[in-house]
Each structure stands twice: as structure tokens, then as C-alpha cells.
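Visitor: I am new here. Could you show me around, one question at a time?

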Amino acid sequence: MKTECIGDHVRLKGKAYPCTVSLTMDLVGGKWKAVILYHLKDGEKRYNELRKEMPDITEMTLSLQLKQLEKDALITRKVYGKKPPIKVVYDLTSFGKTFVPVLEAITAWGNQTVQAYGEFVNG
């Protein structure tokens, strides 16, 4: 029997999911969460650094996604200083780092797909 099918459902932090795939997609699915994690995989970044690396994301969406990733314990938010200008940096947690091999596989598959069926476009 497959591990993801051992029970009728799985539970994480009080939330029930029909299977482990559903749990995973809740944590990292959507248009931006995996992209944010990808940009943090090599080390901590400030909010504005993330905005520059993802120019198509709105500030509100980035802020909401960062809060959700922090709530789900995939990233940490560290605040330095007590009065403006304060420095805030985001980084992967040890739990978030366990997703890096998946990110690398997704990236490789995306690159392979574009090379075979699409094109890389500048500007």
C-alpha cells in the first residue's frame, strides 16, 4: 500500500487533507509560493530583493504569500532594529529546506519543457 493511502485522510496542525498530495499543494501550491521558496533556497533575502526578482508579483500578493509561508513554518521572518528603518529578512526554515530538492526537480522539468516545446523570451 502506498504511504499516502495508509489512512482515510492525513492531518497537519489540525487541518485534514484527503491525501499527502493535497497537503503538499496547500503548503506550496499556487502561482507564487514555490517561486518565493525558489528565490530563498540559496539564502536569506530582504523584501525588496524578492520584489526585484519577481517583478510581476504585486506587493499585496507577495506580502500575503510570505505571511502564509511563515505561518506554515516554511520560512522565517527576522526583524533587526526597533525603529525605522528596520531591516526584515526572510529565510527558509529547516522544514522549508526539505523542499529544495523538489524545487530543483520542478525547475529542471520546467527548463526541459521550455527547451522541448516552448522558448525563452527576453523583454
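Visitor: Where is the place of Lys 13?

Guide: This is a predicted model. Strand β1 covers residues 10–12, and β2 covers 15–17. Lys 13 has its place in the loop between β1 and β2.

Visitor: Is Lys 13 buried or exposed?

Guide: A residue counts as exposed when its relative accessible area is over 50%. Lys 13 has 62% relative accessibility, so Lys 13 counts as exposed.

Visitor: What is phi of Lys 13 near?

Guide: Most residues other than glycine have a negative phi. Lys 13 is a residue other than glycine, yet its phi is positive. The value is near 50°.

Visitor: Which loop holds Ala 73, and what is its phi?

Guide: Ala 73 is found in the loop between α4 (59–71) and β4. Ala 73 is not a glycine, but its phi is positive. That phi is about 65°.

Visitor: Is Ala 73 buried, exposed or partly exposed?

Guide: Buried means under 20% relative accessible area, and exposed means over 50%. Ala 73 has a relative accessible area of 29%, so the term is partly exposed.

Visitor: Which form does the peptide bond from Pro 84 to Pro 85 take?

Guide: Pro 85 has its place in the loop between β4 (75–80) and β5 (87–92). Most peptide bonds are trans. From Pro 84 to Pro 85, omega is near 0°. This bond is cis.

Visitor: How many helices and strands does the protein have?

Guide: Start at the N terminus and read the elements in order: β-β-α-α-β-α-α-β-β-α-α. The secondary structure comes to six helices and five strands.

Visitor: Is Val 100 buried or exposed?

Guide: Val 100 has its place in helix α6, residues 100–117. Under 20% relative accessible area counts as buried. Val 100 is at 15%, so Val 100 counts as buried.

Visitor: Which residues does Val 100 touch, not counting residues up to four places away in sequence?

Guide: Asn 111 is 11 residues from Val 100 in sequence, and their C-alpha atoms are 16 Å apart. Contact needs heavy atoms within 4.5 Å. With residues up to four places away in sequence left out, Val 100 touches Lys 41 and Leu 92.

Visitor: Which element gives the most to the lining of the largest pocket?

Guide: The largest pocket has a volume of about 230 Å³. The elements giving two or more residues to its lining are α2 (33–40) and α6. With four residues, the element that gives the most is α2.

How values were computed: Residues are numbered from 1 along each chain as its sequence is written. This is a predicted model: local features need pLDDT of at least 70, side-chain atom pairs count only at pLDDT 80 or more; totals for chains, interfaces and linings use all residues. Side-chain values use heavy atoms; hydrogens and water are left out. Buried means under 20% relative accessible area, exposed over 50%, partly exposed in between (1.4 Å probe, protein chains only). On a 1 Å grid over the protein atoms alone, a cavity is a set of points where a 1.4 Å probe fits but cannot get out, and a pocket is an open set with protein on both sides within 12 Å along at least five of seven lines; lining residues have an atom within 4 Å of a point. Grid points are joined across faces, edges and corners, and a volume is the space filled by probe spheres set on the points.
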